[in-house]
Amino acid sequence: MRVGVTLACTECKRRNYTTVKNKKNDPNRIEMKKYCRFCQTHTLHKETR
C-alpha cells in the first residue's frame with residue numbers, strides 16, 4: 001500500500017524531496033510546506049507523478 005512519491009516546489013518547479021505515502025489513507029496528491037534550498041524559503045511542495 002505504501003508508495004514512493006516525489007515532492008516538487010511550486011515556485012521553482014524543482015523536485016527536492018522524496019517520501020512515502022499510504023495510498024489508502026491519502027488517495028489524492030499530497031501537499032506539504034517544506035524548505036526549498038533553491039528559493040531559500042519555505043514553500044508549498046506538491047506531489048508529482
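Leaving aside residues up to four places away in sequence, phenylalanine 38 touches Cys12, Arg14 and Asn16, where contact means heavy atoms within 4.5 Å. The structure is a predicted model, in which local features need pLDDT of at least 70 and side-chain atom pairs count only at pLDDT 80 or more, while totals for chains, interfaces and linings use all residues. Residues are numbered from 1 along each chain as its sequence is written, and side-chain values use heavy atoms, with hydrogens and water left out.

Phenylalanine 38 lies in the loop between strand E3 (31–36) and strand E4 (41–48). Strands (E, at least two residues) and helices (H or I, at least four) are DSSP runs, numbered from the N terminus. With a relative accessible area of 38%, phenylalanine 38 is partly exposed; this term covers values between buried (under 20%) and exposed (over 50%), for a 1.4 Å probe and protein chains only. Threonine 6 is 32 residues from phenylalanine 38 along the chain, and the C-alpha atoms of the two are separated by 16 Å.

The ring of phenylalanine 38 has the charged end of arginine 14 over it, 4.1 Å from the ring centre. A charge sits over a ring if NZ of Lys or CZ of Arg is within 6 Å of the ring centre and within 35 degrees of the ring normal. The charged end of lysine 34 likewise sits over the ring of tyrosine 17, at 4.6 Å from its centre.

The strands form an open sheet of four, in the order E2-E1-E4-E3, with antiparallel pairing. Strand E2 (15–22) and E3 stand at the edges with a single partner strand each, so one side of each has no neighbour in the sheet. On average, neighbouring strands of this sheet are turned by 40 degrees against each other, direction ignored. The axes behind such angles are lines fitted to C-alpha atoms, for helices over the stretch in contact, and angles run from 0 to 180 degrees between N-to-C directions.

Strand E1 (residues 2–9) is joined to E2 by seven bridges, and the two run antiparallel. Two strands pair if DSSP finds at least two bridges between them. Valine 5 has threonine 19 in E2 as its bridge partner, alanine 8 has arginine 15, and arginine 2 stands opposite asparagine 22. E1 also pairs with E4 in the antiparallel sense, over four bridges, and here cysteine 9 is partnered by histidine 45 in E4.

Most residues other than glycine have a negative phi. Lysine 13, however, has a positive phi of about 65 degrees although it is not a glycine. Lysine 13 belongs to the hairpin of E1 and E2, which has five residues between the strands, and is exposed, with a relative accessible area of 61%. Glutamine 40 has a positive phi near 60 degrees. This residue is in the loop between E3 and E4, and glutamine 40 is exposed, with a relative accessible area of 62%.
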